[in-house]
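Thanks for asking me to look this one over.

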Amino acid sequence: MNAPPTPARRWIAVGVGLFALWQMAFLVASNVLNLVPLRTNGAEDDMPYKPFQEEGTFTSFEPFQRVADVAGAALDAYGEVTGQEQQWSLFAPGFPPHSLFTAVDMTFADGSKVQVLSGFEPTDYNSPLIRAPFVNTRRYNVEMQFTPPVLQHTADAMREAAPVVRAQTFFYFRQCQPVLVTWLRWQIAQYAKAHPGRGGPVEVVYNARYIPTPLPGEPKVWDKPVRVRPLVRWFPTKATPADELPLQVYDEAAKRWVTLLEAGGER
Amino acid sequence: MTSEPIHAGVRPWFPGRLGRWGWLTDPVPAERMAALRVAVAVTLLLDLCTSYLPYFNLFFGPEWFGGREPSGGRFVAGHLSWSLLRWLPVGWGPEVLMGAWLASAAALLVGWRPLVSGLVAWACAVSFYNYNPGLNNGGDRLRNALLLTVAAGCTGAVWGVSAVRAKGDTRPVLVPGWPARMLFLQLAVLYFFSGYYKFISPSWQTGYAMYYVAHELAWGTAPGLTTVGPVWAHQLLSWGTLVWELGFPVLALLPGTRAVTLGLGVFFHALTLFTLEVGPFALYAISAYAIFVPWERWGRADPASPAARPADGV
């Protein structure tokens with residue numbers, strides 16, 4: 001900048017200035033618009049992108065709503081292209097009164113069963129070992145990526161809001177089937193590596209394990225029974241019919257496994 | 001030798017009054033942006049070497065999450081997520097792109113062409129981020145923003161192989177300040193809106209949120225230690241967090257509260273790094289605070305001289 005600017009440099013300066021202003025406007029507007037009810041494209045796949053986006057309309061004056069909808073879509077698009085999606089919550093809305101782990105039950109052709117617990121689940125809840133910071137987080141994220149949709153499902157919620165719980169559970173486990181099948185295949189492979197000659201399971205059940213936290217004011221002792229909830233079931237040795245998804249989802253209220261159809265709907 | 005500062009980087013053009021707004025246009029000491037580059041590069045290398053590479057086959061192997069089908073979730077109609085890995089062969093694409101990512105991180109560390117190496121690192125980061133979203137947390141979005149800032153921020157003007165200052169030249173080096181302000185804005189909205197979502201949550205209003213976080217066996221890396229302390233201490237921590245987050249955009253700007261606010265931020269992230277599985281989020285967030293440290297004053301004979309006290313990071 002000490003030398004007189006050339007025309008090319010002046011254009012670069014204009015470009016940099018406009019980029020800087022756009023970036024700053026994007027950061028603020030994108031976060032603010034999350035709070036403004038917008039009409040999204042209605043696609044089911046929006047959920048993992050915009051968990052905090054208020055949906056609907058904020059005004060009956062169509063031009064205002066339309067401008068906000070278009071602005072929201074443009075900001076979302078920029079956020080996706082640059083990997084800067086603005087959805088910040090940092091521990092909000094909060095943690096339920098339990099810890100949640102997952103476990104895989106495998107049934108073999110001879111009828112024998114094994115349960116593979118998460119490597120992150122402490123063997124003694126009252127004296128958990130300290131884990132190294134940072135280095136395991138991505139491995140942890142991979143394993144726990146299927147739990148957020150069922151994390152808040154306390155026993156009370158499952159009783160009092162059964163239809164909502166069912167809808168959330170079925171919606172999510174329809175969406176995540178390819179990823180969850182991959183995770184279950186990995187679990188089977190890891191078990192086979194540790195137990196050579198055992199063969200592969202014929203049935204796999206993926207469970208949530210809710211470990212109640214001592215409530216505020218109670219003695220800090222983890223002695224309440226673990227609540228085990230079947231989530232999905234898979235038959236790895238059976239070919240999946242063309243019109244079905246490979247993972248069946250457990251209907252907690254009806255106490256039965258439900259087959260999801262590829263085109264939508266259940267059987 | 002004159003003490004007239006060296007100006008590096010492109011001074012941006014802003015329209016109208018914005019062009020005269022000091023907060024936007026004042027340059028910052030090059031050391032601030034260089035420190036950001038080094039901090040981000042060190043964190044990125046640590047991230048790649050300790051949390052990506054040991055599980056690379058699971059995360060990106062073609063038989064596992066690197067296969068085309070599992071990664072399809074973010075590449076759906078109506079969205080613009082992209083990944084170079086989608087155009088590279090599954091057999092060797094992830095390895096090659098990881099190699100490029102490592103090389104660009106190393107280039108950032110030594111300050112070699114930080115615009116190019118920053119953009120390469122950003123492209124790799126977004127590619128891996130989108131290809132296997134199950135690995136990520138908010139820290140990865142922050143990482144993407146940091147890499148863009150490092151690329152755009154003229155971060156190689158000092159402390160690197162592309163430095164503009166000749167050996168023995170002691171003049172201060174200044175770079176455009178808007179990337180530092182942009183990063184401050186990113187932190188400000190990150191904390192403020194997190195605070196807002198907490199504020200409307202009953203769990204944070206009662207103050208029990210931190211109690212349950214501290215007693216979480218899955219997400220906590222040291223629940224045996226974090227459960228120590230009475231319930232009211234967890235409640236105070238919850239409410240304190242709320243006040244700090246909601247107040248950050250103002251408190252970090254006011255001279256009287258800036259140091260304490262920023263110090264609390266680093267403390268908060270360090271605490272979560274060692275007690276929760278937040279991993280990259282904590283370290284990338286701490287990296288961002290590098291722009292707030294007055295590195296340019298250290299080692300100077302007269303730290304009070306005007307040349308050694310240009311506009312600060314925020």
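**Notes on the predicted model**

1. β2(B) and strand β3 (residues 173–175) of chain B pair in the antiparallel sense over two bridges. Within that pairing, P29(B) sits opposite L174(B) of β3(B).

2. The pairing belongs to an open sheet of three strands in chain B, ordered β1-β3-β2, and the pairing in the sheet is mixed. The edges are taken by β1 (6–7) and β2 (28–29) of chain B, each with a single partner strand, so each has one side left without a neighbour in the sheet.

3. Helix α2 of chain B covers residues 30–52, 23 residues in total. From first C-alpha to last, α2(B) reaches 31 Å, close to the 33 Å expected at 1.5 Å a residue. Is this helix mostly covered or mostly exposed? Mostly covered: 17 of the 23 residues of α2(B) are buried.

4. On confidence, chain B has a mean pLDDT of 92, with 93% of its residues at 70 or more. Among the elements of chain B, the highest mean pLDDT, 98, belongs to helix α4 (residues 93–110), and the lowest, 87, to helix α10 (residues 223–226). For the model, ipTM is 0.93 and pTM is 0.93.

5. Turning to chain A, there are seven helices and six strands. Read from the N terminus, the elements of chain A follow the order α-α-β-β-α-α-α-α-α-β-β-β-β. The radius of gyration of chain A is 24 Å, well over the 18 Å that the globule rule gives for 267 residues, so chain A is more spread out than a compact globule.

6. The C-alpha trace of chain A spans about 80 × 50 × 45 Å along its principal axes. Of its 267 residues, 27% count as buried. Among the contacts in chain A between residues at least 6 apart in sequence, 53% join residues at least 24 apart.

7. Finally, the interface: 69 residues of chain A are in contact with 69 residues of chain B. On the chain A side, α1 (7–33), α2 (62–82), β1 (98–107), α3 (137–144) and α7 (177–194) each supply at least two residues. Which element gives the largest share of that side? That is α1(A), with 13 residues. By class, the side of chain A that touches chain B has 41 nonpolar, 20 polar and eight charged residues.

Technical notes: Residues numbered from 1 in each chain as written. Chains lettered and ligands numbered in written order. Predicted model: local features only at pLDDT ≥ 70, side-chain atom pairs only at ≥ 80, totals over all residues. Contact = placed C-beta atoms within 7 Å. Helix = DSSP H or I, 4+ residues; strand = E, 2+ residues; numbered from the N terminus. Nonpolar A, V, L, I, M, F, W, Y, C, P; charged D, E, K, R; others polar. Expected span 1.5 Å × (residues − 1). Buried ≥ 20, exposed ≤ 12 C-beta atoms within 10 Å, placed from the backbone. pLDDT = per-residue confidence, 0-100. Rg over C-alpha atoms; globule rule 2.2 N^0.38 Å. Pairing = 2+ DSSP bridges.
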